[in-house]
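Open the model in your viewer and keep the sequence panel beside it. This tour goes from one selection to the next and says what is there.

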Amino acid sequence: MDTDRPIIRLKPRADARAVRHGAPWVYADDLVLDRRTKALAPGTVATLEDAGRAALATVAVNPASKIAARVLDRDPAAKIDGDWLRARLARALDLRARLYDAPFYRLVHAEGDGLPGVVIDRFGETAVIQPNAAWAERLLEPLAQALAEVAGVAHVLKNAGGRARALEGLDDAGGVLIGQAPDGPVPVPMNGATYLADLTGGQKTGLYFDQRPNHAFAARLGRGGRVLDVFAHVGGFALAALAGGAERALAVDGSAPALAMAEKGAALSGVADRLATRRGDAFDVMEALAAEGARFDLVVCDPPAFAPSKPALEKGLRAYERVARLAAPLVAEGGFLMLCSCSHAADLAKFRQASIRGIGRAGRAGALIRTGGAGPDHPQHPQLAETGYLKTLAFRL
């Protein structure tokens with residue numbers, strides 16, 4: 001074991017068994033935060049011991065965060081270096097190579113791939129890293145280098161958006177780590193459509209890969225029909241539905257640049273004549289469409305996280321109920337309604353309850369025909385609910 005490495009210790013009342021059995025996080029309340037531990041720089045690699053001084057794991061420490069330690073390796077003697085990073089990345093790449101024919105996917109899904117707080121999305125020759133934990137920020141250079149070696153990408157960008165970085169005390173400065181930034185949006189083939197991803201100015205890392213299987217399911221439901229995609233971003237559900245044979249689709253979003261990307265994606269996909277867009281507040285637009293008597297064979301609502309944290313849960317659930325209440329009247333008799341949530345704090349049962357309540361309040365009734373989540377390039381850590389954040393419900397009304 002590295003004897004120069006700092007040692008941090010669990011409090012006697014903390015549950016050491018949880019870490020032994022694979023729990024990936026240690027909260028500040030469970031750690032002895034003495035002067036020495038508090039003085040450690042965020043992202044320091046340390047050995048975690050139980051109260052009886054038995055070594056438990058190799059962890060990354062951040063005394064400034066509520067998640068004071070993240071388990072990097074269950075081997076207390078693990079050396080966190082270039083070889084370690086390459087091994088983790090190779091394992092992640094192997095899974096994606098089995099799942100996808102083209103190199104467009106989430107390559108690393110944080111704890112689900114054994115790289116806590118690290119998100120890497122791949123867009124062909126370019127990869128975008130979101131280092132949402134202090135240890136990854138500290139090791140960003142060797143991480144980017146290992147990524148280029150293992151995945152063979154020519155360009156590696158850093159995206160520093162997202163609230164997780166602020167919680168870790170990190171800045172919001174993105175940039176180019178290896179190679180260069182693309183000179184425009186990158187075309188991404190998915191489900192028979194072509195999407196455009198803005199890797200430098202877009203939301204998250206430029207595109208949401210997580211909805212891929214739900215886009216495919218929606219495309220089946222929308223065949224030959226009229227589709228409404230609310231909170232459409234770059235046209236995720238609308239373009240997949242059109243590629244799958246929908247008669248026409250209307251994409252609604254508050255962002256003009258996102259809708260412009262949806263229109264360009266429709267042109268690249270050869271379906272521009274069947275896509276219409278409407279910019280505005282989603283709630284206002286749904287109310288206006290109802291007043292106009294508009295009806296669709298498939299309505300999909302994929303809003304931003306209304307309940308990103310526990311304090312926001314009640315308000316968030318009310319917002320999800322309102323989405324369902326306004327969307328349900330827009331569904332034609334026998335048509336389909338798909339509702340999505342990417343909120344960590346709202347679990348599936350609570351989200352389903354809010355959605356069903358909203359449908360009922362709209363005077364509609366229907367059967368739940370499918371419950372979905374993120375694609376397999378977003379593996380879930382079995383002891384971390386946060387890695388399974390995406391929930392989708394499909395109803396026939």
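**Stop 1: Glu49**

Select Glu49 and show what surrounds it: apart from neighbours within four places in sequence, Glu49 is in contact with Ile7, Ile8, Arg9, Leu10, Ala54, Ala55 and Leu56. Keep in mind throughout that this is a predicted model. Now colour residues 44-49, which make up strand S3, the strand that holds Glu49. Is Glu49 buried or exposed? Its relative accessibility is 9%, and because buried means under 20%, Glu49 counts as buried.

**Stop 2: the open sheet**

Next, select strands S6, S7, S8, S9 and S10. These 5 strands form an open sheet, in the order S6-S7-S8-S9-S10, with mixed pairing. Which strands stand at the edges? They are S6 (104-109) and S10 (175-178); each has a single partner strand, so one side of each is left without a neighbour in the sheet. On average, neighbouring strands of this sheet are turned by 25° against each other, direction ignored.

Zoom in on S6 and on S7, which covers residues 118-123. The two pair in the antiparallel sense over 5 bridges.

**Stop 3: Ala136**

Select Ala136, which has its place in helix H4. At 0% relative accessibility, Ala136 counts as buried. Leaving out neighbours within four places in sequence, Ala136 is in contact with Val118 and Pro131. For a distance, pick the C-alpha atoms of Ala136 and Arg53: they are 27 Å apart in space, and the two residues are 83 apart in sequence.

**Stop 4: the cavity**

How many cavities of 30 Å³ or more does a search of the whole structure find? The search finds 1. The largest cavity has a volume of about 40 Å³. To locate it, select its lining: Gly43, Ala60, Val61, Asn62, Arg70, Ala133, Ala134, Trp135 and Glu168. Strand S4 (55-61) and helix H4 (134-138) each supply at least two residues of this lining. Coloured by class, the lining of the largest cavity shows 5 nonpolar, 2 polar and 2 charged residues.

**Stop 5: the second largest pocket**

For the last stop, select Gly22, Arg74, Glu111, Gly114 and His381. Of the 19 residues that line the second largest pocket, these five lie nearest its centre. The space in this pocket is about 260 Å³.

Which element gives the largest share of the lining? Strand S5 does, with 3 residues. Colour S5 (67-73) and helix H3 (82-99): each supplies at least two residues of the lining of the second largest pocket. By class, the lining of the second largest pocket has 7 nonpolar, 6 polar and 6 charged residues.

Definitions and conventions. Residues numbered from 1 in each chain as written. Predicted model: local features only at pLDDT ≥ 70, side-chain atom pairs only at ≥ 80, totals over all residues. Heavy atoms only, no water. 1 Å grid on protein atoms, 1.4 Å probe; cavity = no way out; pocket = protein on both sides within 12 Å on 5 of 7 lines; lining within 4 Å. Points joined across faces, edges and corners; volume = space filled by probe spheres on them. Helix = DSSP H or I, 4+ residues; strand = E, 2+ residues; numbered from the N terminus. Nonpolar A, V, L, I, M, F, W, Y, C, P; charged D, E, K, R; others polar. Buried < 20%, exposed > 50% of the residue type's maximum accessible area, 1.4 Å probe, protein only. Contact = heavy atoms within 4.5 Å. Pairing = 2+ DSSP bridges. Axes fitted to C-alpha atoms, helices over the stretch in contact; angles between N-to-C directions.
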